[in-house]
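This report describes selected helices of one protein model. Please keep the sequence and the structure in view while reading.

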Amino acid sequence: MTTNEGQVALVTGASYGLGAMTADYLARDGFDVAVTDLNVDDLADTIALIEKHGRKAFATSLDVRSVDSIDAAIAATIEGMGKIDVLINNAGVPLSKPALDVEPDEFDNVQNINVRGCYFMCQRFARHLVDTDRKGSIVNLASTFAVIGVPGVSVYGISKAAVAGITRHLAADWAKYGIRVNAVGPGATETKIRAANFAANPEVREWNLSRIPMGRFGEPEDTAEAVAFLAGSKSEYINGHLLVVDGALTVT
Ligand SMILES: NC(=O)c1ccc[n+]([C@@H]2O[C@H](COP(=O)([O-])OP(=O)(O)OC[C@H]3O[C@@H](n4cnc5c(N)ncnc54)[C@H](O)[C@@H]3O)[C@@H](O)[C@H]2O)c1
């Protein structure tokens, strides 16, 4: 029996990239895993990754911009899986644009998804735990841009700094309920989508790579391992922490 057996984790934005890899690692570590995304049909490959480990999987659609959608996805997951013990707030959108050119609507869209969506996912999940008198754990996907300034990504970086703030404040608020809230801050990680973007902009790839002391980008596995650790029982006294996974980028 693994330590997390019988526990249910919910991952947002789990169709591709870090969300899919995280669902895979959580199932490896013994969790049953509910996966959500804008389009439920996109989750088929992730479901297969979870079931390969002999774990139960469940898929439902979720748009974190809408609190009604958040409530519906949480209710559907509780109906399908019986409960939720762990929440991974992975859904997020990037924006690369010089600060002088950012439009208000672009600013609002990124903060709505990355900040407001994360906050109300945490709140609705925590209400479920408090209502059922159970402990639980949340891991939010922040970024190295939460702690360093980088040219051309202010709106995204501000949103991830807010995710780090959500993590600290909710950890302090909810420790009394036995709810842990931590964050992982990946550096540039070559998911398929990110690798395709880099292939189209080789000079951007080289600039990013040149700044990483370890001389390589992150792999999705690097982040998924950190998220699975903070989600599960092996980190039970770690609370309110931002764990950067960045090849030493943020210490230089
Ligand atoms: N890849 C990186 O280099 C990197 C670095 C630092 C942080 N991150 C963060 O990690 C997380 C995952 O990154 P990724 O590279 O795998 O991204 P990705 O674009 O591959 O996946 C993001 C997922 O979020 C979903 N999503 C977008 N808007 C949504 C909404 N309104 N409601 C619900 N789901 C929505 C997308 O459908 C997608 O499945 C993001 O929060 C990202 O900011 C990524």
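In helix 2 (residues 44–52), the buried residues are T46, L49 and I50. Buried means that 20 or more other C-beta atoms, placed from the backbone, lie within 10 Å of the residue's own, and exposed means 12 or fewer.

Just after helix 2, G54 has a positive phi of about 80 degrees.

## Basis of the model

The model is predicted: local features need pLDDT of at least 70, side-chain atom pairs count only at pLDDT 80 or more, and totals for chains, interfaces and linings use all residues. Residues are numbered from 1 along each chain as its sequence is written.

## The packing of helices 4 and 5

Helix 4 (residues 104–131) packs against helix 5 (residues 154–174) at an angle of about 15 degrees, and their axes are 9 Å apart. Helix 4 is therefore roughly parallel to helix 5, a term for angles under 35 degrees.

Residues in contact have C-beta atoms, placed from the backbone, within 7 Å. Among those of helix 4 that meet helix 5 are F107, V110 and C118; helix 5 contributes residues including V163, I166 and W174.

How values were computed. Axes fitted to C-alpha atoms, helices over the stretch in contact; angles between N-to-C directions. Helix = DSSP H or I, 4+ residues; strand = E, 2+ residues; numbered from the N terminus. Parallel < 35°, antiparallel > 145°, perpendicular 65-115°, else oblique. Contact = placed C-beta atoms within 7 Å.
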